[in-house]
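I am opening a notebook page on strand pairing and on ring contacts. The entries follow in the order in which I looked things up.

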Amino acid sequence: VQLQASGGGLVQPGGSLRLSCAASGYIFSLNFMGWYRQAPGQQRELVAGITSGGSTNYADSVKGRFTISRDNAKNTVYLQMNSLKPEDTAVYYCNIFQLRRDYWGQGTQVTVSS
């Protein structure tokens, strides 16, 4: 299983970005896909997750600003990030958990700065 993330970049506070992550290889029909982030000197944290059935969960810090979605036909997960804040600056990683294993993408940098 391989994950290819894209969509990071530099944005001003209050701006928006959309991250995408395409999974390839053997993708089981039941899985959990998520976006995590890691800021310098901090632990990696779950930002948002979505099951193959469409149930979602979010970190309190992003509720109301970020939206996770997925296209099961394309094995792709998206993260729409609105009203971005400087504290959202981090490397964002996509993840798929299936058949008791975790798989990670390469990470994409998101920088929120004026």
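I began with strand S3 (residues 17–24) and strand S8 (residues 76–81), which pair in the antiparallel sense over six bridges; strands here are DSSP runs of E with at least two residues, numbered from the N terminus, and two of them pair if DSSP finds at least two bridges between them. Within this pairing I noted that Arg-18 stands opposite Gln-80 in S8. The model is predicted, so I kept in mind that local features need pLDDT of at least 70 and side-chain atom pairs count only at pLDDT 80 or more, while totals for chains, interfaces and linings use all residues. Residues are numbered from 1 along each chain as its sequence is written, and side-chain values use heavy atoms, with hydrogens and water left out.

I then placed S3 and S8 in their sheet, an open one of four strands in the order S1-S3-S8-S7 with antiparallel pairing. Strand S1 (2–6) and strand S7 (66–71) each have a single partner strand and stand at the edges, so one side of each lacks a neighbour in the sheet. From one strand to the next the twist averages 15 degrees, with axes taken as lines fitted to C-alpha atoms and angles running from 0 to 180 degrees between N-to-C directions.

Next I followed S4 (residues 32–38), which runs antiparallel to strand S5 (residues 45–51) and is joined to S5 by six bridges. The hairpin of S4 and S5 has six residues between the strands, and Gly-41 there takes a positive phi near 80 degrees. S5 also pairs with strand S6 (residues 56–58), antiparallel and over three bridges. Ala-48 is the bridge partner of Trp-35 and stands opposite Tyr-58 in S6.

Which aromatic rings pair, and in what geometry? I counted one aromatic pair, where ring centres of Phe, Tyr or Trp (its six-membered ring) must lie within 6.5 Å, and planes under 30 degrees apart are stacked, over 60 edge-to-face and the rest tilted. Tyr-36 and Trp-104 have ring centres 4.9 Å apart and planes at 65 degrees, so the pair is edge-to-face. Tyr-36 in S4 and Trp-104 in strand S10 (residues 101–104) are 68 residues apart. Tyr-36 is buried at 18% relative accessible area, whereas Trp-104 is partly exposed at 37% (buried is under 20%, exposed over 50%, partly exposed in between, with a 1.4 Å probe and protein chains only).

Last, I checked Arg-44, whose charged end sits over the ring of Trp-104, 4.6 Å from its centre; the rule asks for NZ of Lys or CZ of Arg within 6 Å of the ring centre and within 35 degrees of the ring normal. Arg-44 also lies over the face of Tyr-93, at 3.8 Å from the ring centre.
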